[in-house]
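The exercises below go with the model shown next. Each gives a task and then a solution in steps.

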Amino acid sequence: MAEDYREMWGSLGLNLEAHEGLLAVLSDAYRDIYLSQKGRPAGMAYFDFVISEVHGLRIVELLKEKTAGKLIVGTFCIYVPEELILAVDGVAIGLCAGAEVGSEEAEKFIPRNTCALIKGFMGFKLAGLCPYVESADLIIGETTCDGKKKAYEIFDEITKKVYVMELPNKKSDDGKRLWKNEIRRLAEKLTQVTGKEITVDKLKAASRVVDAKRRALQRLSDLRSHDPAPISGLDALLINQISFYDDPVRFTEKLNALCDELDERAKQGTGVAPKGTPRILVSGSPMAIPNWKLHWIIESSGGIVVGEEACVGERNFRDLLGDFSTVEQAMERMADRSLGINCACFTPNDDRLTDIDTMSRKLHSQGVVHYALQFCTPYLVEAFRAKNSVEAAGLPFLRIETDYSLEDAGQIKTRVEAFIEMMRDGKKS
Ligand code: BJ8
């Protein structure tokens with residue numbers, strides 16, 4: 001961090017010693033995993049800067065916005081419509097955590113066999129490590145998997161800030177009605193907390209910002225279809241992770257500038273790995289900052305990740321909100337758009353299999369690595385059908401079940417190396 005933020009972190013109630021330890025570990029990991037990559041685009045300098053200030057300058061900005069009367073809203077799931085938060089002049093921040101620090105603290109409240117993502121966000125708060133949770137005025141949870149919905153009950157006891165949206169399990173007409181009502185209920189809650197009315201003009205302005213961000217992310221995704229790949233999977237993952245934290249207008253501008261550079265690279269045939277490097281699609285549970293483990297293993301084993309069929313990835317930006325002319329229509333569009341996201345918490349979820357296939361074709365992927373966090377039942381179970389579907393399409397499939405620790409990194413690397421070798425030989429499994 002360029003400046004001394006200790007006073008700010010202290011005022012937010014962080015555990016200063018533990019927090020400094022965390023930042024030191026993160027900065028070493030970032031240097032080893034990110035800054036050591038060869039041939040990175042110059043436009044990544046901005047995203048390196050964002051990471052270096054993720055607990056510093058960005059928190060200063062949020063606190064300034066808060067002082068100016070803006071509502072800081074933390075979320076955990078891409079079903080929560082960002083447009084509504086922006087329509088009340090709020091700031092939306094993703095709160096998922098991708099490191100295992102604080103897990104011991106979390107295990108005093110929730111079972112050991114809970115997924116790392118839940119233990120991560122609980123642990124970061126309990127260990128006094130998360131300036132985002134401390135800055136948030138409101139935290140929006142959702143009834144997706146059992147682990148999350150039960151953890152939110154405890155998280156609310158701890159933070160007194162949690163509001164939960166009820167997400168249906170099925171995308172039936174009744175499910176859609178329920179979800180649309182939940183979007184209305186959230187709009188009322190946001191209006192009640194801020195005293196600001198949600199008008200169609202406010203929603204249009206919010207939608208312009210969020211759809212522009214989605215378009216820039218779509219552009220990045222499309223550029224990854226080139227061979228050689230103009231950007232590494234690690235860098236693309238980082239950009240997707242940052243999209244949940246950064247100011248959306250600035251993020252979009254910087255990402256579009258990077259995409260201009262990647263366009264040039266693609267025209268000139270410049271890549272971060274040689275043409276013909278085995279191309280892998282990753283599919284499954286979300287990867288929050290600083291969870292870079294799987295991409296790092298794949299790309300240090302001779303493969304390149306060309307896409308993520310995941311919430312930190314394609315599911316977050318594939319569909320735009322588009323046009324509407326009334327508040328009611330906007331709510332309808334929000335419900336439709338979000339129900340187009342194919343999360344394993346839904347049943348049935350056949351469309352996710354189609355998404356994997358569509359992405360594989362678009363990105364010319366030659367194999368799928370299925371990633372599920374340990375104890376994440378929805379994605380672990382869905383791996384079975386994903387495997388059958390991917391193999392029926394003629395591509396090899398590798399199933400990885402892991403958590404945030406690096407203890408199994410060596411073992412996963414051995415399996416990934418064998419998988420990439422098999423892809424080179426053109427075998428199926
Ligand atoms: S739309 S994937 S962001 S719910 S990893 S906590 S599912 S046990 S995060 Fe998710 Fe929304 Fe779905 Fe996406 Fe539970 Fe699994 Fe843990 Fe998970």
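**Exercise 1.** Does H364 count as buried, partly exposed or exposed?

Solution. Start with the source of the coordinates: this is a predicted model, in which local features need pLDDT of at least 70, side-chain atom pairs count only at pLDDT 80 or more, and totals for chains, interfaces and linings use all residues. Residues are numbered from 1 along each chain as its sequence is written, and side-chain values use heavy atoms, with hydrogens and water left out. Next, take the classes: buried means under 20% relative accessible area, exposed over 50%, and partly exposed in between (1.4 Å probe, protein chains only). H364 has a relative accessibility of 48% and therefore counts as partly exposed. As for its place, H364 sits in the loop between α17 (350–362) and β7; helices (H or I, at least four residues) and strands (E, at least two) are DSSP runs, numbered from the N terminus. Its phi is near 55°, a positive value in a residue other than glycine.

**Exercise 2.** Describe the surroundings of H370.

Solution. First, locate the residue: H370 is in strand β7 (residues 367–373). Second, its relative accessibility is 1%, so H370 counts as buried. Third, list its contacts (heavy atoms within 4.5 Å). Leaving aside residues up to four places away in sequence, H370 touches S283, R352, Y379, A383, A386, F397, L398, R399 and I400. Fourth, look for a polar contact, a pair of N or O atoms within 3.5 Å; within protein, one must be able to donate a hydrogen and the other to accept it, and residues adjacent in sequence count only if both atoms are side-chain atoms. The side chains of H370 and R352 make such a contact, at 3.0 Å.

**Exercise 3.** Which residues does G39 touch, not counting residues up to four places away in sequence?

Solution. G39 lies in the loop between α2 (16–35) and α3 (44–52). With a relative accessible area of 44%, G39 is partly exposed. Under the stated exclusion, G39 touches R265 and V272. The C-alpha atoms of G39 and A409 are separated by 25 Å, and these residues are 370 apart along the chain.

**Exercise 4.** How many helices and strands does the protein chain have, and what share of its residues is buried?

Solution. The protein chain has 19 helices and 8 strands. Its radius of gyration, taken over C-alpha atoms, is 21 Å, close to the 22 Å that the globule rule gives for 429 residues, so the chain is as compact as a globular protein of that length. That rule is 2.2 Å times the number of residues to the power 0.38. Along the principal axes, the C-alpha atoms fill a box of roughly 60 × 50 × 45 Å. Of the 429 residues, 57% are buried. Among contacts between residues at least 6 apart in sequence, 75% join residues at least 24 apart.
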